[in-house]
Amino acid sequence: QRTTAEWQAADAAHHLHPFTDFKALAGRGTRVITRGDGIYLWDSEGQRILDAMSGLWCVNVGYGQRALIDAATRQLETLPFYNSFFQTTTPPAIQLAERLAEVAPPSFQHVFFSSSGSEGNDTIVRMVRRYWDIQGQPNRQVIISRLNAYHGSTMAGASLGGMSGMHAQGGLPIPGISHIEQPFWFQLGQGMDREDFGRRAAAWLEARIVQLGADKVAAFIGEPVQGAGGVIVPPASYWPEIRRICDKYGILLVSDEVICGFGRTGRWFGCETMGVTPDLMTFAKGVTSGYVPLGGVMVGERVARALIDEGGEFQHGYTYSGHPVACAVALANLELIRGEGLVERVREDTGPYLARLFDELSAHPLVGEVQTCGLMGAIQLVRDKASSTVFDPEQSVGMLCRAHCFENGLIMRAVGDRMIVAPPLVITRAQLDEMAGLIRLCLDKTLAELGQ
Ligand code: PLP
């Protein structure tokens with residue numbers, strides 16, 4: 001067994017981490033996570049850490065679930081790989097497609113598999129353009145998305161995303177992607193009634209459609225609750241209005257369920273919490289609780305009928321589409337979520353309890369607003385509470401707070417000065433109390449460090 005310093009030296013010598021300043025990381029040394037159990041992780045120094053981010057929003061059933069481990073082992077022994085290209089498939093892929101059709105809203109009876117959310121969103125770009133080709137409207141090419149959105153790191157995923165830093169590297173977005181503002185009340189709507197703001201934010205979509213010409217627009221894509229953008233919970237008025245506008249212009253509505261899917265918001269899919277039925281949904285992460293990679297697109301009736309009845313060959317697919325080990329793990333994962341009633345637990349018990357705990361934290365002098373939806377939550381740090389004045393971004397207050405969390409055995413994510421949680425869905429009330437206690441401690445330490 002190597003020491004932490006040895007792990008760090010080898011890591012710095014050979015491993016380029018995603019979304020990382022390589023030089024800065026090499027200087028600082030990486031943290032080596034060695035083990036997980038339930039909602040906790042341990043590092044190579046033996047420190048226990050409460051993982052309030054479920055890995056990267058994915059370990060919904062927590063670490064160390066025997067049913068998933070056994071499902072992977074059994075499938076590896078029986079048939080570790082076979083593809084679904086040669087008019088062939090495998091039992092786990094068939095069963096998972098069946099099971100997804102059961103848990104998704106009734107209009108979703110078909111699935112196209114990928115290995116990640118990024119690949120799922122790449123599939124969306126090709127699939128919606130293919131749909132409009134089949135309809136004899138090939139000019140409908142543009143997909144409208146939102147600023148500050150994250151939809152993945154492939155060329156199409158990063159283009160759909162609205163992160164300017166990502167666009168600056170690699171000449172993105174690809175042609176045919178157009179971005180509108182996000183429904184971020186704290187930043188863009190203060191002074192306005194939240195629901196009025198939701199309708200105004202939806203109207204930005206209509207304005208863009210009119211500007212581009214509806215006959216050019218293929219689809220609108222968004223996350224029910226923007227996750228990596230900072231857990232931006234839209235007003236209740238937003239999504240029904242978005243659906244109405246898409247219907248008015250015949251535009252396809254795509255829900256990116258990569259974070260919100262599989263119970264995170266208290267329903268199987270986030271769009272259900274938002275009260276809308278999209279035409280397509282992308283998923284990944286929580287489908288396997290991150291134990292192995294799997295993603296895909298749930299295809300609603302409107303697009304499925306066109307593709308199946310009139311489309312001919314859809315020239316798209318991945319070696320690992322419908323990977324049998326990934327599908328076997330997903331089946332065990334969905335069975336665990338269903339058997340333990342985790343979706344209902346989030347909706348009726350732990351989600352409302354998190355909301356209560358965050359409400360209490362909102363009195364803290366550093367906190368400008370809190371937002372939760374199911375088991376995802378955000379705490380907006382502010383310089384002046386009374387006037388909701390934010391910090392100078394140069395101060396990197398969110399990163400200061402994140403460092404205190406790390407030191408005190410809590411993983412929270414900082415999105416600018418918005419502190420984010422999305423704990424495993426198996427978390428108990430007592431563990432949520434522990435998490436909230438640690439958050440309060442770290443807010444106090446951050447406040448003390450700022451000398452306020
Ligand atoms: N879509 C959303 C909403 C995500 O949060 C992510 C990843 O965080 C992705 C897509 C990309 O998924 P992946 O990292 O599996 O490619």
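This is a predicted model: local features need pLDDT of at least 70, side-chain atom pairs count only at pLDDT 80 or more; totals for chains, interfaces and linings use all residues.
Why does M166 count as partly exposed? Residues are numbered from 1 along each chain as its sequence is written.

M166 counts as partly exposed because it has 18 C-beta neighbours inside 10 Å; a residue is called buried if 20 or more other C-beta atoms lie within 10 Å of its own, exposed if 12 or fewer, and partly exposed in between, with C-beta atoms placed from the backbone. M166 sits in helix α8, residues 164-168, where helices are DSSP runs of H or I with at least four residues, strands are runs of E with at least two, and both are numbered from the N terminus. If we leave aside neighbours within four places in sequence, M166 is in contact with A158, G161 and L172, contact being defined by C-beta atoms, placed from the backbone, that lie within 7 Å. A97, by comparison, is 69 residues from M166 in sequence and 33 Å from it in space, C-alpha to C-alpha.

Let me turn to the sheet. Four strands form an open sheet in the order β11-β12-β15-β14, with antiparallel pairing, and two strands are taken to pair if DSSP finds at least two bridges between them. Strands β11 (367-373) and β14 (413-415) stand at the edges, each with a single partner strand, so one side of each is left without a neighbour in the sheet. On average, neighbouring strands here are turned by 20° against each other, direction ignored; axes are lines fitted to C-alpha atoms, for helices over the stretch in contact, and angles run from 0 to 180 degrees between N-to-C directions. Within the sheet, β12 (residues 376-381) and β15 (residues 418-421) run antiparallel and are joined by four bridges, and A378 has I420 in β15 as its bridge partner.

Helix α15, residues 342-361, packs on this sheet and touches β11 and β12, its direction making about 175° with that of β11. Helix α16, residues 397-407, lies across β12, β14 and β15 and runs at about 180° to β14.

Finally, the protein as a whole, which has 17 helices and 15 strands. Its C-alpha trace spans about 65 × 60 × 45 Å along the principal axes, and buried residues make up 49% of the 452 residues. Among contacts between residues at least 6 apart in sequence, 71% join residues at least 24 apart.

Terms used. Two residues are in contact if their C-beta atoms, placed from the backbone, lie within 7 Å.
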